[in-house]
Amino acid sequence: MADEYQYDVLVIGAGPGGYVAAIRAAQLGLKTACAESRETLGGTCLNVGCIPSKAMLHASEYYDAAANGAMEAMGIEVTPRLNMEKLHGQRIDAVSGLTRGIEFLFKKNKVDWKKGHATFQDAHTVKVGEETVTAKNVVIATGSSVTPLPGVEVDNANFVVVDSTGALELPKVPEHMVVIGAGVIGLELGSVWRRLGAKVTCVEYLDEILPGMDDDIRKEARKIFKKQGIEFKLGTKVTGCTVAGSEATLTMEPAKGGEAETLEADCVLVSIGRKPNTAKLGLEAIGLEVNKRGQVETDHEFRTKVDGVWAIGDVIPGPMLAHKAEDEGIAVAENIAGQTGIVNHDVIPSVVYTWPEIAGVGLTEAQAKEAGHTLKTSKFPMMANSRAKTNHEPDGLVKIIADAESDRVLGVWAIASVAGTMIAEAALAMEFGATSEDIAYTCHAHPTHSEAVKEAAMGVQGKPIHI
Ligand code: FAD
Ligand code: NAI
């Protein structure tokens, strides 16, 4: 195959979608290259997303526990001192260790890394920097970048108005951080700086935080964040921002119209969503149009409308999540190799890595009703879970949504310290088409947070033990 072209597969973008696609393609015996314009591999996720944010979340959790009474409640009395240099050092170490790891995996699997920005010349010819690369198959895995907010100009260099990348690197704890957008990034990074001592105010356009999640979970999460000291201005739109020295003044007004007000901050985080990266990719050269949301559309096998051109990850429709991109990366490589690569987009878990964590998989109650299901639902509070109670982690709940007739589980939602880990069993159960009875009669180890999933399932059966 590679005689006519230099490569069987060229992947554009080395994020979790692209690097995984490249490695799997190479494992399947295809001659593969991967183009990446960043200095390091791993994309948004490893360089400025999942990994550095979790490094900051993890460290700030320790600080918070020491500074704000959680350790003291267990008889451990300490007075923490924040060393910003070390805090950032461990974040940088985590990123460089993992990005170098991908470089090693590329070498091990014989994936050629083409350094530079890639632009289509035609469907099988791509210019990467100064080099021209030809391939029988090209996978677009260019990811996404921050959606700008008109009137609020991000400048990550001076740390006053920042996006998520700037918010990971703040050299000092802000006095007052205003987060625009109470979605995943706003709540995760807002939590980091709140724990380290900043006053945090989230300004959100909608009437509730965390759009896309189950309504009970959204409401409960807001109550918990409020208790932690995060303030919310819901139903509010930011109309502009002026910066004078190290101070920003935001102007905002009710989303439904009304009187304008101002808010002062020494740090503003713009986190109102992300947009697909398709600019300067030369899509016009191959006649590939993007949809209204700027995404590249594909079929279930991740083929675009142009023969030999495929797309995966944040650049295509669906949740912008690393694990979704990775699974699509494996599937696209398998499809290119003539195998059957499938991703079940109905069962993609999502996790917000705050304290406690917030996680879900499948349908929300509103979505399940809209889809015409008659429902049986049950909620089990973490307060009644022995492990959570013993660990001083009373906040949260597990909610299971099942079809009333078939008992099949349609959605599972959780707020718990380890909800991100707990949701994996729900995803597996749903992948296998489990009923709530299946979960209720599966033996769960004691004492674990996961018992709350079993108890919620027992609740759907009408027979919980501990409430
Ligand atoms: P990306 O990771 O964006 O990678 C695309 C790569 O393509 C980039 O490296 C880019 O430089 C390169 N590229 C683009 N255009 C070109 C071109 N023309 N030529 C060459 N190279 C190009 N998701 C989770 O699941 N869990 C999390 O905890 C999580 N945390 C996040 C935290 C933050 C702060 C952010 C911003 C995102 C987070 N995400 C998280 C989302 C996750 O990072 C993305 O969903 C994921 O990275 C998407 O993978 P991808 O491969 O599609 O694209
Ligand atoms: P988001 O879509 O999660 O949240 C954006 C929020 O901003 C929404 O609540 C929206 O209503 C609000 N908003 C939009 N315009 C606004 C305006 N003008 N004024 C006030 N509020 C406004 O997007 P976010 O947080 O930027 O994250 C981007 C993507 O990155 C997400 O889609 C997510 O999938 C991914 N991500 C995933 C993480 C995880 O899995 N833990 C962590 C961080 C990011």
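Here is a chat about a predicted model, covering a ligand site and a helix.

User: Which residues come closest to ligand 2?

Analyst: The shell has 20 residues, and the closest are Ile185, Glu188, Glu204, Gly273 and Val351.

User: Okay, and which helix or strand gives the most to that shell?

Analyst: That's α6, with 3 residues.

User: What polar atoms of Glu204 and ligand 2 sit together, and how far apart?

Analyst: A polar side-chain atom of Glu204 is 2.6 Å from an oxygen atom of ligand 2.

User: How much of ligand 2 does the protein cover?

Analyst: On its own, ligand 2 has 840 Å² of accessible area, and the protein covers 79% of that.

User: Where does UniProt put the binding site?

Analyst: The unreviewed UniProt entry places a "binding site" feature at Gly181, Ala182, Gly183, Val184, Ile185, Gly186, Leu187, Glu188, Glu204 and Gly273.

User: Let's take Gly183. Where is it?

Analyst: Gly183 is in the loop that runs between β9 (176-180) and α6 (184-195).

User: Is Gly183 buried or exposed, and why?

Analyst: Gly183 counts as buried because its relative accessibility is 17%, and the cut-off for buried is under 20%. Beyond its neighbours within four places in sequence, Gly183 is in contact with Glu204 and Leu210.

User: Switching topic: how many residues does helix α3 have, and what does it span?

Analyst: Helix α3 covers residues 50-67, so 18 residues by the helix assignment. From its first C-alpha to its last, α3 reaches 25 Å, close to the 26 Å expected at 1.5 Å a residue.

User: Which α3 residues are buried?

Analyst: They are Pro52, Ser53, Ala55, Met56, Leu57, Ala59, Ser60, Asp64 and Ala66.

User: What covers them?

Analyst: The cover for the buried residues of α3 includes α2 (43-48), α4 (84-109) and α6.

Definitions and conventions
Residues numbered from 1 in each chain as written. Chains lettered and ligands numbered in written order. Predicted model: local features only at pLDDT ≥ 70, side-chain atom pairs only at ≥ 80, totals over all residues. Heavy atoms only, no water. UniProt positions renumbered as here; feature names shortened; annotations may be inferred. Helix = DSSP H or I, 4+ residues; strand = E, 2+ residues; numbered from the N terminus. Buried < 20%, exposed > 50% of the residue type's maximum accessible area, 1.4 Å probe, protein only. Contact = heavy atoms within 4.5 Å. Expected span 1.5 Å × (residues − 1). Near = heavy atom within 4 Å. Polar contact = N/O pair within 3.5 Å; in protein donor to acceptor, adjacent residues only side chain to side chain. Areas by Shrake-Rupley, 256 points an atom, 1.4 Å probe, with all protein chains shown as cover.
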